[in-house]
Amino acid sequence: MTGAGKLQLPASCDPPGPQNPPEQLVWVIFGATDHIGRSIAKAALSHRDLVTTVGQSRGDTLPSIQSPFRAYTDRYLPLLCDIRIRSTVEDVIQRSIAHWGRIDIIANCTGYGVIGACEDQDDYDIRNQFETNFFGTINILSASLPYFRTRQRHQHQTSTSIKHEPGSERSTRSPEDEQQQSLLGGRYLIFSSTCGALGVPGLGPYSATKHAVEGLIESMLYETHAFNIKATLVEPGHLQPDDDEDNIDASTSSAEREE
């Protein structure tokens, strides 16, 4: 902590600064029109990252997605999809790669829940919760995991230099190579819920979908560990929606104007 009371990261963790600018990341955010997804998109854009903001083709339009982020037209790509339909999710992934050249982080902020006793919810509502929350997550993984696996293998191949010494098959790597090899294949930010850790009265089917999502992601992590593909499960409780304004907060806007 500095004398002015400002928190400062220790040099040992290689914090970003004037001599070490943060790397610009590429995000794909599903559910970017809801308050959680919109807040994450705003935060990423405020850090000068590149963002594909994905809305729901059932209820959103491209103008409605563009409205909250129009101050950053050169750093975000608005798209629509129905997360329940795999082909539309695949289209988002492919168009994002074609537009930005790569993807670093995929966030799934979509979610659908119906309040009611377990026996009172009809078949359509129960199935739609699973189609959106669980199968939607599977569709995202199926569309993007092959890309992340291939990307990590490519990074490994291009960052490793092999030198053969006479009489030895041992390979040596420079520190730069070791640093490159530690690059992630990709990261997922998956929004579950406190309902994914415990059952909640009136939200039985919704809780079941979130338990399923958590089991899916935890199993996937074992399968993708060797590829350095990471995932973070977030379990929010009740949240207060953010301010649905067209512009990001005043401090962020000021920072943008200073550039």
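## Nonpolar cores

In this predicted model, the largest nonpolar core has 31 residues, and those with the most contacts inside it are F30, I103, I106 and Y188. Such a core is a set of buried Ala, Val, Leu, Ile, Met, Phe, Trp, Tyr and Cys residues joined through side-chain atoms within 4.5 Å, where buried means under 20% relative accessible area with a 1.4 Å probe and protein chains only. Two or more residues each are given to this core by β1 (26-30), β2 (50-56), β3 (76-81), α3, α4, β5 (186-191), α6 (204-224) and β6 (229-234), and α4 supplies the largest share, seven residues. Apart from this core lies another, of 16 residues, among them W27, Y76, C109 and F191.

Helices (H or I, at least four residues) and strands (E, at least two) are DSSP runs numbered from the N terminus.

## Helix α3

Helix α3, residues 86-100, has 15 residues and reaches 21 Å from its first C-alpha to its last, close to the 21 Å expected at 1.5 Å a residue, the expected span being 1.5 Å times one less than the number of residues. Its buried residues are V89, V92, I93, S96, I97 and W100; seen down the axis of α3, they fall within an arc of 125°, so they line one face of the helix, the arc being that of the directions from the helix axis to the C-beta atoms. Just after α3, G101 takes a positive phi of about 95°.

## Q129 in α4

Q129 lies in helix α4 (residues 123-159) and is buried, with a relative accessible area of 0%. Leaving aside neighbours within four places in sequence, Q129 is in contact (heavy atoms within 4.5 Å) with residues including Y112, F134, P205 and Y206.

## Basis of the values

Residues are numbered from 1 along each chain as its sequence is written, and side-chain values use heavy atoms, leaving out hydrogens and water. As this is a predicted model, local features need pLDDT of at least 70 and side-chain atom pairs count only at pLDDT 80 or more, whereas totals for chains, interfaces and linings use all residues.

Methods:
Buried < 20%, exposed > 50% of the residue type's maximum accessible area, 1.4 Å probe, protein only.
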